[in-house]
Amino acid sequence: MSGYWRAMFFIFGLRTKVDRSGVVQQVCRHCGNQAAQVITRRSTKFTLFFIPLIPIRTRYAQQCTFCAAEYEISKSDAERLPVG
């Protein structure tokens with residue numbers, strides 16, 4: 001057996017990217033005020049050597065600019081909202 005040893009290593013993980021889809025004027029479910037609601041899309045991907053490869057999960061959220069309450073919404077709700 002020689003004293004030479006080969007090693008391989010992989011750098012992998014998850015990366016979440018947050019995209020702001022837009023803003024819509026709506027009554028907040030939490031505080032009841034008419035305020036701007038920010039719609040965001042969060043997509044999480046598996047990365048290998050810091051390169052995003054495989055999408056794992058995509059979630060949509062709506063956040064009130066008045067009270068900062070945030071709650072998840074469905075993809076169909078996010079696409080249906082009149083974003084401006």
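This is a predicted model: local features need pLDDT of at least 70, side-chain atom pairs count only at pLDDT 80 or more; totals for chains, interfaces and linings use all residues.
Biologist: How many aromatic pairs does the structure hold?

Modeller: The structure holds two aromatic pairs.

Biologist: Why is the pair of Phe10 and Phe49 called tilted?

Modeller: The ring centres of Phe10 and Phe49 are 6.2 Å apart, and a pair requires centres within 6.5 Å. Their planes stand at 50 degrees; stacked would need under 30 degrees and edge-to-face over 60, so the pair is tilted.

Biologist: What parts does this pair tie together?

Modeller: Phe10 belongs to the segment before β1 (12–27), while Phe49 sits in the loop between β2 (34–48) and β3 (51–64), so the pair ties together parts that are 39 residues apart in sequence.

Biologist: Why is Phe10 called exposed, and why is Phe49 called partly exposed?

Modeller: Exposed means over 50% relative accessible area, and buried under 20%. Phe10 has 51%, so Phe10 is exposed. Phe49 has 38%, which lies in between, so Phe49 is partly exposed.

Biologist: How do you know that β1 and β2 pair?

Modeller: Pairing requires at least two bridges; 15 bridges join β1 to β2, which run antiparallel, so the strands pair. Gly22 stands opposite Ile39 in β2. The two strands form a hairpin with six residues between them, and Gly32 in the turn has a positive phi of about 80 degrees.

Biologist: What makes up the largest nonpolar core?

Modeller: This core has 10 residues in all, among them Ile39, Tyr60, Ile73 and Ala78. Two or more residues come from each of β2, β3 and β4 (70–73). Leaving aside neighbours within four places in sequence, Ala78 is in contact with Ile39, Tyr60 and Ile73.

Notes: Residues are numbered from 1 along each chain as its sequence is written. Side-chain values use heavy atoms; hydrogens and water are left out. Rings of Phe, Tyr and Trp (its six-membered ring) pair if their centres lie within 6.5 Å; planes under 30 degrees apart count as stacked, over 60 as edge-to-face and the rest as tilted. Helices (H or I, at least four residues) and strands (E, at least two) are DSSP runs, numbered from the N terminus. Buried means under 20% relative accessible area, exposed over 50%, partly exposed in between (1.4 Å probe, protein chains only). A nonpolar core is a set of buried Ala, Val, Leu, Ile, Met, Phe, Trp, Tyr and Cys residues joined through side-chain atoms within 4.5 Å. Contact means heavy atoms within 4.5 Å.
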